[in-house]
Every structure is written in structure tokens, then in C-alpha cells.
Amino acid sequence: MGTPADRESSPATPQYCASPQPAPAALPAGLLPARERAIVVGSKKWVNGTVLHYHFFDRSTDGSQVRVAGGGTRFVSWVGSDAQRDRVREAFAAWERTGIGLRLVEVDDRSEAEIRIGFMEGDGSWSYLGRDVLGIADDQRTMNFGWDLRPHHELATALHEVGHTLGMPHEHQNPNAGIVWDEDAVYASLAAPPNRWTRETTYHNILRKLPPGVVEGSDWDPDSIMHYPFAGRLIEAPPPYDTTGVSPPGTLSAADTTWARTWYPPTEGDPPALAPLTAAPLQLAPFEQADFLLVPPATRGYTIQTLGHADTVLTLFEEVAGEPRFVAGDDDGGHDRNAQIEAKLFAGRRYIVRSRLYYASASGGTTVIYW
């Protein structure tokens, strides 16, 4: 994304992140707008306490091919240099140092990774948003870096893409920013090198305002790592940005850290135990989460379920060598049913049940129970 000094001394447009556009989730028709917004926002976020595994494509797993004019394919490597990979590791470590309740762990086995990182030059830098990565085949990238990350200021690019993977959208698309664009200038600037974007890509990544209901927080943060730098010639209002432009410092802002710790608060110690056939109340505000420790008394099939009028995501993890490993999950967001998991559990093993609330449509809390 470039340093402020670089951007001030050169009229050239920086290289920007072009987020992929997966198909929107299919939600039932007729949902209340507040309910639909809550589901859209929450569905991108990870369940707190999750261990996210990332993998760098290497020569044994890199199967990238692209079509060329006239038919056929040619090999284009997704493998990055040691220095490139180290820069991305630095970004993961910086996010984890904010004290979030997620762990970010590198793995050698691609099949173990939710996040799969390539370095395909010329393909731009981008990442899928939050849990959207789960819909990407495990031989495909969920994150790419399309230019040299070795200069120190390019840590900003890596921090930005990891932010997307944690579920953070672009900050300059925050409707509370009040940015009035010179749209013709924006389209012309982004169509030129080094980005060469189509009008659709420019609209999706810059000009499109996020709906007010899907923005977490009310204030615009021009210092956010999720904000692009922009020259003043692209902005008509508000002042002084129409003259000075926007030049974020390229580091995690205070608001970025607050956002991360709000969605993913630190976790300490064992959660309360969940007893068989005993409903545990979930007195949660929207987007809050409750965790329970489940130690089965016998080896057999069990059902774990939420009860009440609410949209929730319910997940089950087994502790293996001190790390929670995903077993099963269910998301009832938008559907008039309760989230339910059926799984074979083993006597004496430790399992963690996590339930995050999107939206409660009736008074009186919800509960979780297993039998």
C-alpha cells in the first residue's frame, strides 16, 4: 500500500487490495431488516477461541495453472520467497499481539489450513472476508500477494489482508466516513497501471458504501489498516481530505485493536461445565458468545442444541494436545429452527461448545442443552 512519504512524493496511484466477491449467502425472503443485517455481519466472523491455521503454498502443493490466449494452460507459481513469507508471518504475529481470543498458527499440511496463501505476481493482493474462506477448495488460495512484500512498509499490505481474513471490511467504504468521491477521477485512476481495475472492481472495492447496518461501530477511522491511501484529487469532500488526501500510517490503529478485541475477546481458564439434560441459559447481546466445557459420561452419539427464538452459530471443538480441533457446527441464521449438532463423543474427553448470537427475535433468553 506504500508509505505516507512514498505516496506524498509520487503522483502515482498505489497498488490496492481487490477483495474477491463471493456470491451472497442465500437467506429466506421476508426477514426483518435488522435480523438480516445482524446475520450478514455475524456470518463473516469466526467463533471466538478458534485456532486458525495458515499455510504457504510450496513446491509440493502449488498446482497453479492459468489459461493463455489460444487455449491451453501455463504454470504460474504461487510460491513466495522466504522474505515474503516472513513478512506475512510478521503480520499474523502483530494481530495476535493485540490480545485477541483467536490463535493464528502456521501449518505445513495444506489440508489442515483454513487460510492458504499464495504469491502470484500480477494477480493483485487480496483475501476473502472472514469465514468466506471456508467455502474455497483446499487446493485454492484464500489470500494472495501480487507484489514484492520485502520493503518494510509493505507490512501494511500483509496486515490489511490478514484483517480481511479476520472479518474486517474496507474502512473507506464506511458510510459514516462521509467521503464524496470524484467518481470519474477514481475510475480513471484505478483503470490505469499499476491496478488496471475494471469499473466493477473499482466500485466494489472503493465507491460502494457498506450498508449502515453492517458497519461495526459508528466512527470513521482514517488511520485504520483497512483504509486505502487516496490522493486529494480523488476526493471532493470532506475537508481537509479534499486537499490533503487520506494517508493512513500503515499500522494497526487504536480502533483496529479495539475492534479485534471486541469481536475476539481474550479467553482464560475453563468455561463453565455443561451437564447432560440441563439447559444452560444464554443471556447474550447480539454478537456475544457463550462457551461451555462438555465432558461426556459415556461414549455414544449425542445431540447438542440451542433452544429459543434466536439466530445463532453453534460449534463443537475437541481438545487435542491442548488445542481445540473443530468437530462440527451448525448455523441457523435466518431460519426458524434451532442450531443442532449430532456427533459421536468419547467418554472422558474434553469438548468445548461455543454459541454466538446473531439476533434474538423474542424476549426471554435462549439456552443450550445436550443429551
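**View 1. G322, an exposed glycine in a loop.** At 66% relative accessibility, G322 counts as exposed (exposed is over 50% relative accessible area, buried under 20%, and partly exposed in between, with a 1.4 Å probe and protein chains only). G322 sits in the loop between β13 and β14. Strands here are DSSP runs of E with at least two residues, helices are runs of H or I with at least four, and both are numbered from the N terminus. From G322 to D58 the C-alpha to C-alpha distance is 28 Å, and the two are 264 residues apart in sequence. A word on the source: this is a predicted model, in which local features need pLDDT of at least 70 and side-chain atom pairs count only at pLDDT 80 or more, while totals for chains, interfaces and linings use all residues. Residues are numbered from 1 along each chain as its sequence is written, and side-chain values use heavy atoms, with hydrogens and water left out.

**View 2. T202 in helix α6.** Helix α6 covers residues 199-207, and T202 is part of it. Is T202 buried or exposed? With a relative accessible area of 0%, T202 is buried. Leaving aside residues up to four places away in sequence, T202 touches V186, Y187, L190, W197 and L207 (a contact means heavy atoms within 4.5 Å).

**View 3. The open sheet of five strands.** Read across, the strand order is β4-β1-β5-β7-β6, and the pairing is mixed. Two strands count as paired if DSSP finds at least two bridges between them. β4 and β6 are the edge strands, each pairing on one side only. At the β6 end, β6 and β7 pair in the antiparallel sense over two bridges, and W126 has N144 in β7 as its bridge partner.

View 4. β1 runs over residues 51-56 and is mostly covered, with six of its six residues buried. V51, H53 and H55 point one way from β1, L52, Y54 and F56 point the other way, and all are buried. Four bridges join β1 to β4 (residues 103-106), the two running parallel, and here L52 stands opposite L104. β5 (residues 115-118) also runs parallel to β1, joined to β1 by three bridges. Which residue of β5 is the bridge partner of H55? The partner is R116.

**View 5. The buried face of helix α2.** Helix α2 spans residues 33-43, and its buried residues are R35, A38, I39, V41 and G42. Seen down the axis of α2, they fall within an arc of 170°, so they line one face of the helix (the arc is taken from the directions from the helix axis to the C-beta atoms). What do the buried residues of α2 pack against? They pack against α8 (254-263), β13 (310-320) and β16 (351-360).

View 6. β12 (residues 300-307) runs antiparallel to β15, and six bridges join them. One of the residues to look at is G301, whose bridge partner in β15 is K344.

View 7. Side chains of opposite charge can pair when their charged atoms come close. With a salt bridge taken as a side-chain nitrogen of Lys or Arg within 4 Å of a carboxyl oxygen of Asp or Glu, the count comes to 17. One of them joins D132 and K44, at 2.9 Å from N to O. That pair links distant parts of the chain, 88 residues apart: D132 is in the loop between β6 (126-127) and β7 (143-144), and K44 is in the loop between α2 and β1. R131 also forms a salt bridge, with D331, where the closest N and O atoms are 3.7 Å apart. R131 lies in the β6-β7 loop and D331 in β14 (residues 323-331), so this pair ties together parts that are 200 residues apart in sequence. D331 is partly exposed, at 26% relative accessibility.

View 8. D148 and R150 meet through their side chains in a salt bridge of 2.9 Å, N to O. D148 is partly exposed, with a relative accessible area of 32%, while R150 is exposed at 53%.
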